[in-house]
Amino acid sequence: MGFALLSRQTNIDFAGFRKVAYAISAIFIVVGMIAILFNGGLRYGVDFAGGVMVQVQFEQPIADEQVKTALQNVNLPGLTVQQVGTEDRDYLLRFSLTQAENQDLRNDVANALKSSIPDNPSSIQRLESVGPKVGNDLRNMAIEALFYAVLLITVYISGRFEHSWFIAGAMALVLWGAVYGAGYLGFNRLIGVGIGMVITLACCWKLKLNFALGAILALMHDVMVTLGILTLMGVEIDLNVIAALLTLVGYSINDTIVVYDRIRENLRAVPADMDVKPSMAEIINKSVNQTLARTIMTSATTLVASLALYLLGGSVIHDFAFTITLGVVFGTFSSVFVASPILMAFGNVDLYHKKANKNDDYERPGEHGVV
């Protein structure tokens with residue numbers, strides 16, 4: 001079965017499974033959104049919420065209650081103790097900012113642990129502190145980075161597959177102005193970005209930028225599902241996770257573009273005067289099956305690397321590697337079952353065939369080795 005999937009001779013009805021795939025995606029998204037709502041929103045790390053984080057490592061396993069007891073006489077407001085790793089030796093201490101300098105905090109924590117737990121030596125692996133204003137600014141910039149990444153991808157997809165570079169560029173400028181204007185007027189950046197994303201989807205729908213619309217929906221699917229699962233797993237959203245989400249966006253769109261490019265090639269191969277043209281579902285199934293070997297190999301090798309980081313990389317990049325692993329799985333899923341089959345809801349073969357043939361310089365499949 002494994003070799004059959006890599007043989008380019010598969011004939012799987014991916015379009016036929018689209019409703020089941022949509023149902024699976026909907027379940028993940030709904031469960032994730034419910035988890036976020038019941039959690040009072042996303043669980044931000046020190047990078048975004050502000051405060052101090054100290055990672056402590058003990059020589060021998062120790063209970064978290066014993067760690068809390070050892071620090072109860074130190075001025076650490078809002079202290080929380082979280083175990084990391086599987087050996088009960090590493091803990092993350094989080095608390096609100098105090099007036100003490102970082103070096104004083106380090107000494108206070110180290111001395112308290114040493115005096116209260118003398119038979120189990122400990123060492124401070126790292127100490128990070130972020131002010132509330134800096135954290136808020138970082139959070140806004142992270143949200144904007146995700147939005148602008150999706151927006152620029154929309155421009156590229158529109159120009160590449162719809163041949164609408166001018167329209168896409170004008171739309172991007174208008175949306176950038178809207179988001180910037182919302183921030184200038186004092187509105188919450190998250191609300192401004194949300195409005196911008198809705199406008200982006202509406203513009204793509206109105207202007208019939210269907211490939212771009214499918215790509216955006218697939219990217220939103222990947223990000224929403226990943227954030228939902230991270231919330232369910234109790235993972236904090238920090239700069240490492242945002243970096244992983246941006247990597248996920250790039251990985252997912254790369255796979256989507258490969259499938260879209262094959263769909264366009266197969267559409268161009270359909271004669272304009274053909275009496276009975278293949279359905280859009282047949283075009284999509286043919287294209288996805290033709291690129292399936294490449295998709296599987298790319299996903300498998302990336303997954304091996306991300307799992308190695310997750311299992312062997314240590315606690316510092318644990319959340320980054322976990323997010324990348326989720327992204328590889330759901331990014332591949334969305335490229336096959338979301339981004340491509342969703343085109344069936346937006347147009348027919350004649351519409352896409354006309355768009356695919358707008359660029360006369362594009363080589364037809366089979367010419368000069370293009371297959």
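The side chains of R264 and D261 meet in a salt bridge, with 3.1 Å from N to O; a salt bridge is a side-chain nitrogen of Lys or Arg within 4 Å of a carboxyl oxygen of Asp or Glu. By this rule the count comes to five salt bridges. The model is predicted: local features need pLDDT of at least 70, side-chain atom pairs count only at pLDDT 80 or more, and totals for chains, interfaces and linings use all residues. Residues are numbered from 1 along each chain as its sequence is written, and side-chain values use heavy atoms, with hydrogens and water left out.

**Salt bridges**

- R264 and D261 both lie in helix α10, three residues apart, which is about one turn of the helix; helices (H or I, at least four residues) and strands (E, at least two) are DSSP runs, numbered from the N terminus.
- R264 counts as buried at 4% relative accessibility, and D261 counts as buried at 16%; buried means under 20% relative accessible area, exposed over 50%, and partly exposed in between (1.4 Å probe, protein chains only).
- Helix α10 also holds R262 and E265, three residues apart and separated by about one helical turn.
- The side chains of R262 and E265 meet in a salt bridge of 3.0 Å, N to O, and both residues are buried.
- In helix α4 (residues 64–70), E65 and K68 lie three residues apart, about one turn of the helix.
- E65 forms a salt bridge with K68, and their closest N and O atoms are 3.9 Å apart.
- E65 is partly exposed, with a relative accessible area of 48%, and K68 is partly exposed as well, at 33%.

**Nonpolar cores**

- The largest nonpolar core has 63 residues; such a core is a set of buried Ala, Val, Leu, Ile, Met, Phe, Trp, Tyr and Cys residues joined through side-chain atoms within 4.5 Å.
- The residues with the most contacts inside this core are I157, L230, Y260 and I263.
- Helices that each supply at least two residues of this core include α2 (18–38), α6 (132–162), α10 (239–268) and α11 (280–312).
- Helix α9 gives the most to this core, with twelve residues.
- Not counting residues up to four places away in sequence, I157 touches E162, F211, A212, A215, I253 and I257; contact means heavy atoms within 4.5 Å.
- A second, separate core of 21 residues includes V54, I62, A70 and L105.

**Sheet**

- Four strands form an open sheet in the order β2-β3-β1-β4, with antiparallel pairing; two strands pair if DSSP finds at least two bridges between them.
- Strands β2 (80–84) and β4 (122–130) stand at the edges, each with a single partner strand, so one side of each is left without a neighbour in the sheet.
- Five bridges join β2 to strand β3 (residues 90–95), and the two run antiparallel.
- Q82 stands opposite L92 in β3.

**Confidence**

- The mean pLDDT of the protein chain is 78, and 83% of its residues reach 70 or more; pLDDT is the predictor's confidence in each residue, from 0 to 100.
- Where pLDDT is low, the predicted coordinates should not be read in detail.
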